[in-house]
Structures are given as C-alpha cells and as structure tokens.
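Open the model in your viewer and keep the selection panel at hand. The stops below say what to select and what is there.

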Amino acid sequence: MDFNLNEDQSAVHDAMSTLLARHAGPLRLRELGGDEPTYDHELERHLEAAGFLDLAGHGSTNRLDAALVQEAISLALGTVATSSRLLIAPSLPEAIKGPVSVIAAGHRGPARFAADAVALIVIGDHEVRFVAPPPAPVERVVSRLGWPVGQLDDVPHGDVMIDVDPAEVLAWARIAIAIELVGAMRFATDMAVGYVTERKQFNRALGSFQAVQHGLAECAVAVEGARWLSLEAAHNGTPEAAAAALTHAIQATKVVFPRTHQYCGAMGFTQEFDLHLATMRVVALRAEGEALGRPGMALARQRWASLSS
Amino acid sequence: MEFGWDDEHSGYRTELVSFLNEELPDHWHGETAILGSEANTKYSRRFAGLLAERGWLTPHWPVDFGGFDASPWMLAVLGEELWSRGEPRGPQYMNANWIGPSIMANGTPEQQARYLPPISRGDVIWCQGFSEPDAGTDLASLRTRAERDGDVYIVNGTKIWTSYGDVAEHCYLLVRTNPDAESHRGITVLLVDMPTPGLQVSTIPGVVGDHSFNELIFTDVRIPVANRLGDENEGWTVVREALSYERVGSPRWARAAFMLNETIEVATADGRTIDPIAIEAIGIAKAACEAARVLSYRVIDERARNIPPSPNGNLARVAMVQAERLVAEACLAIDAGHTLTYRSPSNYQFRKSLAAGVAAGAYEVQLNLISRLHLGLPKG
Ligand SMILES: Cc1cc2nc3c(=O)[nH]c(=O)nc-3n(C[C@H](O)[C@H](O)[C@H](O)COP(=O)(O)OP(=O)(O)OC[C@H]3O[C@@H](n4cnc5c(N)ncnc54)[C@H](O)[C@@H]3O)c2cc1C
C-alpha cells in the first residue's frame, strides 16, 4: 500500500501534463466545438505516439497506471475515447485501434463516440460482442453535453468474443467511467474554488462564507472518495470494487454538479465560463454509467447474494 | 384548518383547464414550449392576449385597473395551471405578478395610464434590470449611476444577466441616485423604454436551453424624470414591496412536476421500461414537488389574509429548489442514456434545475433568512 506515485508513475504524470497542456484543456475543447465537440483525433495521435495508450498490456490485471493516465486526460477535458482502450482493452482478445463505443446489450438510442467509433463493444449478461465496423452511417446526435454522440438504433449482433468474461469487461467499463467522472469533477470543483476565491460580494470573498466553504468541502470529500476508490478499483479490478467506485462517483456528482454551479452564480450559466464544459460532461458520463446497469444495485447484489432476485 | 378548494376556485380551475386544453395543443410544442426561447416569447403575445380577453391575465388587479380583485387563490390556480404546462405566458407573468402592481402602487397617473393597459392587454415584454457585474447576491451594492440634469436623469453603467433584455419594450431598472448614502438608501427605480439612444444590448450565450442573458450598457442614456417610479432614493423599498410575494409567484414546483410527467410519457411512448430504481426516484421527486406546493399554499394563505410576508416564503422557495433538483435526478434515472439527446426531457431539466438556486436570488441567502427569522438563530 502506497498512496504516492512511484518514480515511473511520476515520470508519466509529468510527461502527460506537458502533452496535455499543449494538446488538451478547455481552449482545445472550445476549438473542437465546446459543449458539442468533434472527436479529437489529433490528441489521440499524440497520446499514441508518446506511448501512453498502451500502459496496461494485454491481460494485465493491474491497470492503475492506465487509470492515472485516463484521469489526467479527463481532468484536461480531452475529447477522446481512450478510457476503453486504456482500461477495457486489456481484457479483450484483440487490441483496439481507434475509438470504440461501449454499450450494454439491447442498447438503443444515443451513445458517446458511436458516430466516430471503429467498433462497438456490446456487453451482455453472458457474452461480449464486437461489432466492427459499426452499422454505417451512425447519425450524429446533438447532446450539448460535451461529447460527440451518435444514435444507435439497430445494433447488429456482431461477433461473440471468445474467452471474454462479460462480468470482467463490465467491471472495467464501470471503472473507466468512474475515472472519467473523477477527472471532470475535479475540473468543476477547481473552477468553483477559483470563482469563490476571486469573487467579492458584501465586501468579502464569497469563499469566506462558511456556507460556501462547507459546500465546497463536501465536494472535495465526494471527489476524493470517488477518486481513491476508483484508483483502488483499477488496482484490484474486481467487479465489486468497480461497482462501488462507479456508485460512489455517481453519488459524488449529486454533490458536485449542483454545488459548483450554485457557487458560480449566473457566471456558471454562460458559454464563456469553462465550468459547464466539465459539468455537462458529468451529466453525460453519469447517464452512460446508469445505462450500463444500475451500479448501486449491482454492488449490493454482488456483496449480498441474498439480494439477487 | 382545512385543505379543500371552494367552489369558486375549483370552478375556475375547470374552466381554465378546458381553455388550455383547447388552445395549447396547436401551438404549445417544440421550441415554443421552452420558456425563454424566441418562439416562446413571441407566442406569449398571442397567449396572454387570449387570457386578457377572458379577464384572466390580471384578475387580481383592482377593478380600476381592469382586473376584478380576484383573490390570491385565483392567481395561484392560474400560476399553477400555467406553470404545469411550462408557462405559456412567457415573460409576461412578471408583468402581471409584480411589475404592474408596483406601477399601481407607486406610479403617477400618467405612468399608470401609459404602462398598465399594454400589460393588461398581454402585449408587452418587460425585463428586469437589477444585477450588475459586481452586484449579484449583494444587489444593494449596485452602481449604475443616474445623475439628475433638469428634467432628465443621465444614466451610465452596466446591467447583466438581463433575461429578455433583447426583446423587451421596457426595463424596470434599478439605479443609484445617491452614491454617498448607505447602500440601500440611494437607489431609485426608473422605467426605461427600449430601445433608447445610448443603451446597447448584447446577448450573452448561455447553457440553459434557449434562455439567453443580456448585457445592457448605458452610456449617457437620458431618461425623463417623469419615468421615475416612486420617490428618488426610495427604490429599495419600492422593489422589496413589489417582490415580497414573488418567492411563490413562479410555482417552479409545478413546472418540475410537468417535466417529470413529460419524461415518463416520452419514455413510455418510446417503449422503454422504467425500472424500480427510477420509479422510486419518481416518487421521491413527486413528493418533493407536493411539499413545495403545500408550503407555497401556506404563503398564499397568508397573502389572502393580508398577513405581511413571513419567512414562510423562504421555506417555500427552498423547497422549490430542492424539488427541481430531485426532479432532475428522477428524469435522469428514467432516461439514463437517452439524456445524451439534447432535446430529451432529462437533458433539459438538468440544465433548468441549475438555475433554480440562483436565478431569483441565491439559495444560501434564503437559508440565512430561514435560520434567522424562522429558527431565531443568532446573527453571525
Ligand atoms: C436563469 C437566470 C436568469 C436571470 N435573470 C435575471 C434578470 O432578468 N435580471 C436580473 O437583474 N438578474 C437576473 N439574473 C441574475 C441573478 O439575479 C443573479 O445571478 C443572482 O442575484 C446571483 O448573483 P451572481 O450571479 O452575481 O452570483 P454571486 O453573487 O457571485 O454569488 C454566487 C454564489 O455565491 C453564494 N453566495 C452568495 N452570497 C452568499 C452569502 N451571503 N452566503 C452564502 N453564500 C452566498 C451563492 O451560492 C451564490 O449563488 C438571472 C440569473 C439566472 C441564473
């Protein structure tokens, strides 16, 4: 047990920070379209070239390094489908090259990256299917939630992936979303802390009001809890830890989303202010997490078999 | 104590609902049904006109001003039925609720003759010029300056977040006339006709649906002294009185309940199953709407009895904010992945719910007032 980055992780972290400062961040997201962006192939190429997308090798059970990379990408508001490549792909028989969209079997409706994906990964109760290429063309859906979204109406059956455990894939899909949520929530919390530190009303900084301090302190607890639980889950990789991480990350959004907006006042409602770039993404990620099956229910049932129906 | 509706009010509700069922289906959908959109504001002119023809736009106004002194309960039924359909009066609910009454209470006969008839005809848009870049929650620190020059005021300064500022014909504007007085003291209300030379309006793109804010920059704008509402430097009292019941004037809980219903209907029509988790969330959200409703009714009861505004208004408003947020949660539980579609009810409600604790004054300020006035806690 060690809560600090080791030497290799620190080196990756520093190199990632440099790369992301140059090729990601809110300005880059705005170039791509802000709350309605196009896919950032360029960022993906840079990450690939630097070797950051293959940190967890095939079959690897410890994907913590990959999770740390994904967290940094999410904190920098990267518009790439890297979480599946970093965290899910090691559980699949074939390497994923290019964006994929991860959905639950029976999914019908909008899905993140569906219009950009080279393949769909369809997680069922008993099997995982690989649909490549996806049904073409997938129509784009306006979401204004900060991601490129495509409409999936008739998903072809695709091929069953042999020797793939659907529970394992679902677990990593949950961890991936939890990590992405953590990155976006950290961004939102940082923005709100910045706003209330600068903004003066009643001749004092808003951040000096205890109500605001307590509210943001609870955001911090929620985000830290979700963060460490997700990182621990990425280390352990069990379905139970994964369900707990996503459940807690979703609970954290219920604190972070309304509060960060609340404390940023009307400024938080403008396109100009970066807060919404993160909070709208939070809504989408949460929706995606729920669409993969209720994680809280999954956790309870995994832990207490007597609760399964 | 009893909680029934008398015949007059339940009869009115029936009549109103049947009018709405007849009028709305042909007009009230798509962008028109989104409060704050251009189409919505445009339609409000037709709709408010139809209400006016029936005497329902300003029923609570005194007979002298074209109303029939209807009880606050009738106004409540009206507000509730309209907000439960998403508020087809558009921005004009503000005119009827508090701008008109404020002009009645403080206006000169000339002002009343000029401004009230268009309001009661349902064919005028007002905007509210209160907030400034440095005066949000601390509204009394506003600095837009009005200096007297003979029979005009020369106004300089910036207003921000002005909803409807781009389409309004008039602005109910708060200015500072005495910069030396204690902050609440030197404020005055001016009724500004728009557009007017020196007033530059620009839109600030927002994230809440189609609702957009505006910035109003005043550069040497000349406003006749005849357009001052109430006495000079008495604006704070004028506006506080005007807004004293507004905490329940917009029954947001009714719109939230409407969105809940919409989300359920869209999902059901789409053939989706709503799982037990979502069903429980729906129940919890619906109960919160009901709590906000009954707390609002308590305020209306006070008003009907001419009891001065109490912290019950703050309780009701906080309950409304909570209801809006729980409805957003329930909508997301129902829609799950479908939230990713911009026009889905849950996508819309999530954005809307954000404004609830900010738009009509900060949630925390309501909590401060409840702590002090309702719980009697000592001042910090
Ligand atoms: C949808 C919408 C429509 C609007 N329409 C209009 C309009 O038509 N006309 C108009 O004049 N204005 C309008 N406003 C502006 C609105 O009145 C202001 O947003 C509001 O007064 C808060 O001011 P602010 O945004 O500057 O927030 P700030 O004053 O910067 O406050 C930010 C946050 O800090 C916290 N806070 C502030 N003070 C305290 C305190 N004392 N204790 C604890 N916490 C505190 C609260 O959480 C608050 O939300 C609108 C706003 C919205 C969101």
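**Stop 1: a helix pair in chain A**

Select helix α8 (residues 239–263) and helix α10 (residues 295–303) of chain A: their axes come within 8 Å and cross at roughly 145 degrees. Axes are lines fitted to C-alpha atoms, for helices over the stretch in contact, and angles run from 0 to 180 degrees between N-to-C directions. Helices are DSSP runs (H or I, at least four residues), strands likewise (E, at least two), numbered from the N terminus. Now show side chains. From α8(A), the contact (heavy atoms within 4.5 Å) uses A:P239, A:E240, A:A243, A:A244, A:L246, A:T247 and A:I250. From α10(A) come A:P295, A:G296, A:A298, A:L299, A:Q302 and A:R303.

This is a predicted model: local features need pLDDT of at least 70, side-chain atom pairs count only at pLDDT 80 or more, and totals for chains, interfaces and linings use all residues. Residues are numbered from 1 along each chain as its sequence is written, chains are lettered from A and ligands numbered from 1 in the order in which they are written, and side-chain values use heavy atoms, with hydrogens and water left out.

**Stop 2**

Most residues other than glycine have a negative phi, and most peptide bonds are trans. Go to the loop between β4 (128–131) and β5 (139–141) of chain A, which holds A:P133. A cis peptide bond joins A:A132 and A:P133, with omega about -10 degrees. A:P137 is in the loop between β4 and β5 as well. Its bond to A:A136 is cis, with omega about -15 degrees.

Next, A:F202, in the loop between β8 (200–201) and β9 (204–205) of chain A. Its phi is near 55 degrees, a positive value in a residue other than glycine. Buried or exposed, or in between? A:F202 counts as partly exposed, because its relative accessibility is 37%. The cut-offs: buried is under 20% relative accessible area, exposed over 50%, partly exposed in between (1.4 Å probe, protein chains only).

**Stop 3: chain B**

Select B:A336, in the loop between α9 (312–335) and α10 (345–356) of chain B. Phi is positive here too, near 40 degrees. At 11% relative accessibility, B:A336 counts as buried.

Then pick B:K42 in helix α2 (residues 38–53) of chain B. B:K42 counts as exposed, because its relative accessibility is 66%.
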